[in-house]
Amino acid sequence: MPTDTRTAARPASARQFFSRGGTLSKWHPNYEFRAGQAEMAEAVESAITDKRHLIVEAGTGTGKTLAYLVPALLSGQRIVVSTGTKNLQEQLFFKDIPFLQEHFSRPLKVCYMKGRANYACRQKIYDAEKEPVLAGLEEVVDFHAISEWEKTTEFGDRSEIKSLPEASSAWAKLDARSDLCTGQKCPNYERCFITLMHQRAMESDIIIVNHHLFFADLSLKDENYEGGILPEYHAVVFDEAHEIESVAGDYFGMSVSNYKLQDLRRDLSAVGRMKKFGTPELDRILERLEELTAQFFNLFGEGDRRVAFTGRDAFREDNEEIYSDLLAALDLVGSHLKLIQNPPEEIQPLFRRAMELSMGLRFVMEENDERYVYWMEKRGRGCFLQATPIDVSHFLAEKLFHKVDTIVLTSATLAVAGGFEFVEKRLGVENARTLVVPGHFDYRKQALLYVPQEMPEPRNPAFGKAASDEVTRILGHSRGRAFVLFTSYQQMRLVYDAVSFEIEYPTLLQGTAPKSALLDRFRSTPNCVLFATASFWQGVDVPGEQLSCVIIDKLPFAAPNDPVVNARIESIRKAGGNPFYDYQIPQAAIALKQGFGRLIRSKSDRGVLVLLDNRITKQRYGQVFFDSLPDYGFTTRLADVEKFFDV
């Protein structure tokens, strides 16, 4: 009879768990000891015990998720694990935690939390059965699936409904986002999926969230909202920590859009009908709000773009009447809602939204806080006015690193040329312990980095044609099986149009289908080639021969004309720094590591990495990139690529 591994499976320390002959090796006769995993686990355990911050770069194959989960579970404290993607969040909860639970004698108290829009609202579903909120056959079909699922689901998480389309408009009418939430006054508060999620969090030792939810919580606490989203915690582990600056910037900033105003108008109208407080006067106010919203946001013109919002004072003066009328309409909405006799519970969240939109619009249009960059983005029918912190390090230092005992930052891509000065400065981390754990793979044997020397510079008009020709030659040797990744959509389409007619292999182009569908087709189509941009540079995992080549067109410098990037460059320059070496190069080095990280995902993977930008070999700063990358084999000869694939 097999022995119950749980009886002797409670390790006292990370070392006992991960060492040669330790707990993990006893569970798995084929377990391969990884020195880096053991070293990282001990460092995490020590940081929690000593109340210190820790930065760890852990290369692919280290097994870093277990290296932080085990010491977190052994600590006996409540610890939040924050991931960059929902995929990793679900892997931790549905794969890693059940694996550990099999061998722990005590129940592991772990939960995962997502943003409210991922959960169904029971009250909205019940109301929709009585009120005509659905439009069209598709919404009716989706509603039926959601309604039946609601009767049996434990968590209320939309990812459980595999048949529900990603962009389901029915789901958007039934989710639990706070826009119409009446909180404890809701008849279904006790059974609410958000209430149940919070209860699980209060009872958990480990709470698994994503970065967006974590910083939403941090920003709510900053605004003195009662309780925030997460319960009190002693430590945070940020996995995929290279994304923190960008996400934190979104939540410590301010954003107002025509969509938010249109949603307020739509919800007020619908709830007014449903709860019988609608009046001809409210209808007139809402029609005026809709009219002014369209007029105001039309002032920003047509065509997709993302630009600095300069000359705001002059813009306000030129358009004073429309701007003032829009603010007055929002204030009038608030005043009208305050006067409603015996108001239904839904009035309070609607009133709060109207006041927040008024405050946000005033901030982005009138505030002159030099800590922010003010900018505008047109995307399709949407117009977004934004205020983003130029430097999030002060916010993070004050609200996070100075307040929480232990913060662990980890990723496969945090170090630049072996050091963490860049991430420490950008995020406001002081006196942190640091550790670089090399990848678990033999990169020199498994991967060849090829940089062609005859290519024109990327700014040269001849680069596109030369890149297309080189990509065609490389794909011939790799027999397809490649990601071709670009730093711009324009370059992606140009090269795709040229190459797809020249090669005999099936091709996929980003934008022609959802990302998940493209990845599924890539994995299942022999010799396939995927042409894509930034969203495929990270968090994409295709192990095995199906992906044997990753081609990147240029060193991934952030566009200096992007308003946020430009503001950060200027801020560093004003402070006496060198923005190219202090910001642009380190950021690009981390991004390049992310892109190349798609290729070698297991010990049996082999493949060629191609960088068509030979500035890495011809400019002095190129050494920073080489010093940041793993120790790949290297060549400047296409013949070596051919030989590599012929082995």
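**Group meeting: pocket, rings and salt bridges**

Okay, let's start with the second largest pocket: helix α23 gives the largest share of its lining, six residues. Before I go on, this is a predicted model, so to speak of local features we need pLDDT of at least 70, side-chain atom pairs count only at pLDDT 80 or more, and totals for chains, interfaces and linings use all residues. Residues are numbered from 1 along each chain as its sequence is written, and side-chain values use heavy atoms, with hydrogens and water left out.

Back to the pocket. Its volume is about 620 Å³. Grid points are joined across faces, edges and corners, and the volume is the space filled by probe spheres set on the points.

Which residues are closest to the centre of this pocket? Out of 21 lining residues, they are E370, Y372, V373, I390 and K574. At least two lining residues each come from α14 (312-318), β8 (372-379) and α23 (563-574). By type, the lining splits into eight nonpolar, five polar and eight charged residues.

Now the rings. The whole structure has 40 aromatic pairs, where rings of Phe, Tyr and Trp (its six-membered ring) pair if their centres lie within 6.5 Å, and planes under 30 degrees apart are stacked, over 60 edge-to-face, the rest tilted. Take F214 and F238: they are edge-to-face, 5.0 Å centre to centre with 85° between the planes. F214 is in helix α10 (residues 211-222) and F238 in strand β5 (residues 235-239), so this pair ties together parts 24 residues apart in sequence. Both F214 and F238 are buried, and for that word we use under 20% relative accessible area, with exposed over 50% and partly exposed in between (1.4 Å probe, protein chains only).

F214 and F238 also belong to a cluster linked by ring pairs, together with F215, Y233, F252, F363, Y372, Y374 and F395. You'll remember Y372 from the pocket centre. And Y374 has R312 over its face, 3.7 Å from the ring centre. The rule for a charge over a ring is NZ of Lys or CZ of Arg within 6 Å of the ring centre and within 35 degrees of the ring normal. Another case is K515, whose charged end sits over the ring of F536, 5.4 Å from its centre.

On to salt bridges. The count is 38, taking a side-chain nitrogen of Lys or Arg within 4 Å of a carboxyl oxygen of Asp or Glu. How far apart in the chain are D157 and K114, which make one of them? They are 43 residues apart: D157 is in the loop between α7 (136-150) and α8 (169-174), K114 in the loop between β3 (110-112) and α6 (122-130). Their N to O distance is 2.9 Å, and both residues are buried.

K185 and E345 form a salt bridge too, at 3.8 Å, N to O. K185 sits in the loop between α8 and α9 (193-202), E345 in the loop between α15 (320-338) and α16 (347-366), so that pair ties together parts 160 residues apart in sequence. K185 is exposed, at 59% relative accessible area, while E345 is partly exposed at 37%.

Then there's E356 with R352, closest N and O atoms 3.6 Å apart. These two are four residues apart in helix α16, about one helical turn. E356 is partly exposed at 32%, and so is R352 at 28%. Salt bridges with shared partners also join D263, R266, D267 and R353 into one network.

Last, some backbone. N431 isn't a glycine, yet has a positive phi of about 55°. N431 is in the loop between α18 (421-427) and β11 (433-437), and is exposed at 66%. R479, also not a glycine, has a positive phi of about 55°; its loop runs between α20 (463-478) and β13 (482-485), and R479 is partly exposed at 35%.

Notes: 1 Å grid on protein atoms, 1.4 Å probe; cavity = no way out; pocket = protein on both sides within 12 Å on 5 of 7 lines; lining within 4 Å. Nonpolar A, V, L, I, M, F, W, Y, C, P; charged D, E, K, R; others polar.
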